[in-house]
Amino acid sequence: MNENDTRKSLNIWFDFKFRLLAGGIAVGVLSGVVVVFFRFVLEYVLEQVLIFYRYQLNHLWIIPLWFIVLIVSGWATGMLVKKQPAISGSGIPQVKAVLQNKLEVNWWKAVSAKFIGGTVSIGAGLSLGREGPSIQIGALVAQGFSRLMRRTKTEEHMLITCGASAGLAAAFNAPIAGVIFALEEVHMNFSPLVMIAALASSLMADFVSKEFFGLNPVFHFSSIGAIPLSQYFHLILLGFIVGAAGIGFNKGIYAFQDLYRKITWLPAHYRPVIPFVMAGIVGLFLPSVLGGGNNLVNDLVAGAFQIKFLLIILAIKFLFTMFSYGSSAPGGIFLPMLVIGALIGVIYSKLMNGLIGAPVLSESSFLILAMAGLLTASLKAPITGIILITEMTGSFTNLLSTGVVCLAAYMTAELFRSYPVYEVLLERFLHQGRGTRSPESSESSSKIILEIPIHHGALLDGLSIKEFSWPAQCLIVSVKRGSQDMIPYGDLILRAGDYLTILTGDHNVPVVNKSLGQAANISQFQ
């Protein structure tokens, strides 16, 4: 390593907490503005499309012309993804790939392409959510800010995490869930330094969002009471059901991605045409299934649907989501996943109430619980599931019951060794060759500082520094234990809860992350 670069990186590391906080605030405002604009355009386009579908029912001659528009839009979306592969799908795996130094993107091209592609895809009615594009757009705006401000690679990665946090906060009016998701799923550890900056970023983005959209939560619920303790055995059963459903959801995503690749006679840039045409058909007969589905969740609370009709909606929503996401069209899976969970919760409560012979179980409450449980099983992120649903519904009365369902759903996913959906999607994305770094980038001499937390029961827990075979081109800068920064001498015994501050070359990050991640994380034995 170049001595001047190393000294510069270390000086910045020990003296930039407030600089990072200021950067997080700036990223929160910028990402919040862009994501709020994206959300506004998206909702407006989808609303107009739904009105147009009602218009078509009275003017049938327009229907063939509309399908031509959908086919052209699907082809154009496919061409956009072909030119900018990093915008495919939700974009969250791509953000993780950037943070792991496995992917390089042109931030401003990717932002514009994701904005346009997401608007066209979700606006046309594909069963995709706005949260994935919002997270990626927020992360890309943060990356652009870092590049323009000439920030170091280390700070850029931290600000990208802040941008991802801001994106989710602005998309769902859920600032705390934005922070938890960014740390739990994107950054992959709860670094106190990053957490403070991400919190500032998330709060600023949420402020921008609420200033524009108002203070109401995404889902409109009223008078939701606490679930009696006598009904808690239903929560465990519901947790097992949505846990299995989460596993099935993940497997469905992978299966439909494979299905599209097996259709060799159809070029990749024509794949989105299939869900676009499906959107045209579904829009004429069941328009409530179009788009992410947050309006459908509100309808489930307000309306009294028959179980047969709910089962039909559930089947169509699931298949439509699989066809939409598998085509690589830009859009997320959070909202469709939540809608599927909501449908399962309402169906469960109706079935049980029918068996009991009285409306004992609250459909609204079980709807919320099932959403949180399905999200937990799919993402393997229980804290995110609990906090996100709580903020999206504005209801804090069922935190205990939500935790019970999420725990049961998580353990069901663990029992069947289901992996987090975004981890698998990341590996699939990289396996396609889209995430390889160029030879020029491999020669980069940029330095980056990593924070590696040591978990209880990990290989490094109780081991002295000299007893471990550290990766090449890896320098231990400090060991943080509580509020104390310790000098990393050879005989120092590492303990669970310690944070290792590691300095390495930019191109060595994937190897160092993999090696130290396995040694510091108990999950290697799961």
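Residues are numbered from 1 along each chain as its sequence is written, and side-chain values use heavy atoms, with hydrogens and water left out. In this predicted model, local features need pLDDT of at least 70 and side-chain atom pairs count only at pLDDT 80 or more, while totals for chains, interfaces and linings use all residues.

**Exercise 1.** Describe how helix α3 packs with helix α11.

*Solution.* Helices here are DSSP runs (H or I, at least four residues), numbered from the N terminus. Step one is the geometry: α3 (residues 62-83) and α11 (residues 273-285) pack at an angle of about 150°, with axes 7 Å apart, where axes are lines fitted to C-alpha atoms over the stretch in contact and angles run from 0 to 180 degrees between N-to-C directions. Step two is to name the arrangement: α3 and α11 are therefore roughly antiparallel, a term that is used for angles over 145 degrees. Step three is the handedness, and the crossing of α3 and α11 is right-handed, that is, the near helix is turned clockwise from the far one by less than a right angle.

Step four is the contact (heavy atoms within 4.5 Å): residues of α3, including F67, L70 and W75, meet residues of α11, among them F276, V277 and L284. By class, this contact of α3 with α11 has 10 nonpolar, four polar and no charged residues; Ala, Val, Leu, Ile, Met, Phe, Trp, Tyr, Cys and Pro count as nonpolar, Asp, Glu, Lys and Arg as charged, and the others, Gly among them, as polar.

**Exercise 2.** Work out which residues line the second largest pocket, and which helix gives the most to the lining.

*Solution.* The lining has 21 residues, of which L46, L50, L290, N294 and N295 lie nearest the pocket's centre. Helix α2 gives the most, with six residues. By class, the lining has nine nonpolar, seven polar and five charged residues.

Methods. Helix = DSSP H or I, 4+ residues; strand = E, 2+ residues; numbered from the N terminus. Parallel < 35°, antiparallel > 145°, perpendicular 65-115°, else oblique. 1 Å grid on protein atoms, 1.4 Å probe; cavity = no way out; pocket = protein on both sides within 12 Å on 5 of 7 lines; lining within 4 Å.
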